[in-house]
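Please look through the following entry with its sequence and model side by side.

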Amino acid sequence: MESKKTLIVSGCSFTAHDHNWPFILQELFDFNMINSAVPSQGNGLISRKIIHDINQAGVGWANIAPINTEDIVVGVMWSAIDRSERYISHDDMYVGPPFQSYNPTNVTEYKWDGWRLMMPDWQSSEDCELHYKVFNHVISSTVYTLEHILRVQWYLKRLNIKYFMSTMQKLFDPELVKIREISYLYNMVNWEKFLPVEGCIEWVQDNYKLEGFDPPKEDGFQDLHPTRFGHEKFTEEIILPYLKQNDIIL
């Protein structure tokens, strides 16, 4: 009897919720699924969690019931480059909202310590304010994201695991990637492993602008997280053809 495949994914809110593309793939192919996506999660944690989850599955290491690499499909939807994280303890004096009383971003199972998500628009928190005023820079953020992508690609290649990648939105400025600090990393990425779109947001906007998103609110704000319909179309028209053309699924 053919083994049931395991889908291992990570990302941000475009991957975490039960109407998103991984859950649609799970329904279509009856995958087992390991999903470590968290809303607002940055690329450092996405990278660490993918590697951790594959390691925990016993691939390439002694394990009671290891998963054969042929039975694994990995999918990553990378997040915005300016999202970050820092390691914290439960008594950290600088931890503010939105994760003040709990921390859902641990890579491994610790009750208190873990990774604190950091976003540019959370500057009411002292640690985020400091980070984005002093430490954040578009060059370093781009470098870090490319390093995270490369680390995962090299790891998956070493273990001969089939995978695909995408982005929640367009991440890389064409002019920025020409800079010497960035270009050598950018040119090492295997872009053939990425879905043939700029980003999930852009594709849904270009193809299903009205049906793919919830309508704007009274104040004019529109949530750019695609609806279930948007994710279904993205899965049907972009992910599935890519998986079949590249023999990731048969």
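**Questions on a predicted model**

Q: Is S166 buried or exposed, and what is its relative accessible area?
A: In this predicted model, S166 is found in strand β6. Burial requires a relative accessible area under 20%, and S166 is therefore buried, its value being 4%.

Q: Which residues is S166 in contact with, leaving aside its neighbours within four places in sequence?
A: S166 belongs to strand β6, and its neighbours within four places in sequence are left aside here. The contacts of S166 that remain are V76, M77, W78, F194, L195, V197 and F234.

Q: In what order do the 4 strands of the open sheet lie?
A: The edge strands, each pairing on one side only, are β2 (32-35) and β6 (162-167). Neighbouring strands of this sheet are turned by 15° against each other on average, with direction ignored. The pairing is parallel, and the order is β2-β1-β3-β6.

Q: Which residue of β6 is the bridge partner of V74?
A: Strand β3 (residues 72-78) and β6 run parallel and are joined by 6 bridges. In β6, the residue that partners V74 is Y163.

Q: Which residue in β3 does I8 stand opposite?
A: The strands β1 and β3 pair in the parallel sense, and 5 bridges make up this pairing. The residue in β3 that stands opposite I8 is V74.

Q: Which residue of β2 is the bridge partner of L7?
A: β1 and β2 run parallel, with 4 bridges joining them. In β2, the partner of L7 is M33.

Q: How many residues of β1 are buried?
A: From β1, the residues T6, I8 and S10 point one way, whereas L7 and V9 point the other way, and all are buried. The strand is therefore largely enclosed by the rest of the structure, the buried residues of β1 being 5 of the 5.

Q: What angle does the direction of helix α2 make with that of β2?
A: The sheet has the strand order β2-β1-β3-β6. Helix α2 (residues 21-29) packs on this sheet and touches β1 (6-10), β2, β3 and β6, and the angle between the directions of α2 and β2 is about 170°.

Q: Which strands does α3 touch where it packs on the sheet?
A: The direction of α3 makes about 170° with that of β3. The strands touched by α3 are β1, β2 and β3.

Q: How are α3 and α5 oriented to each other?
A: The axes of helix α3 (residues 43-56) and helix α5 (residues 138-158) come within 8 Å, and they cross at roughly 15°. The crossing of these helices, α3 and α5, is left-handed. Angles under 35 degrees count as roughly parallel, and the orientation of α3 and α5 is therefore roughly parallel.

Q: How do the residues of the contact of α3 with α5 divide?
A: From α3 the contact is made by N43, G44, S47, I50, I51, I54 and N55, while α5 contributes T145, H148, R151, V152, Y155 and L156. These residues of the contact divide into 6 nonpolar, 6 polar and 1 charged.

Q: What is the relative accessibility of Q153?
A: Q153 is found in helix α5. Not counting residues up to four places away in sequence, Q153 touches Y163, M165, V189, N190, K193 and F194. Q153 counts as buried, with a relative accessibility of 4%.

Notes
Residues are numbered from 1 along each chain as its sequence is written. This is a predicted model: local features need pLDDT of at least 70, side-chain atom pairs count only at pLDDT 80 or more; totals for chains, interfaces and linings use all residues. Side-chain values use heavy atoms; hydrogens and water are left out. Axes are lines fitted to C-alpha atoms, for helices over the stretch in contact, and angles run from 0 to 180 degrees between N-to-C directions. Helices (H or I, at least four residues) and strands (E, at least two) are DSSP runs, numbered from the N terminus. Angles under 35 degrees count as roughly parallel, over 145 as roughly antiparallel, 65 to 115 as roughly perpendicular and the rest as oblique. A crossing is left-handed if the near helix is turned anticlockwise from the far one by less than a right angle, and right-handed if clockwise. Contact means heavy atoms within 4.5 Å. Ala, Val, Leu, Ile, Met, Phe, Trp, Tyr, Cys and Pro count as nonpolar, Asp, Glu, Lys and Arg as charged, and the others, Gly among them, as polar. Two strands pair if DSSP finds at least two bridges between them. Buried means under 20% relative accessible area, exposed over 50%, partly exposed in between (1.4 Å probe, protein chains only).
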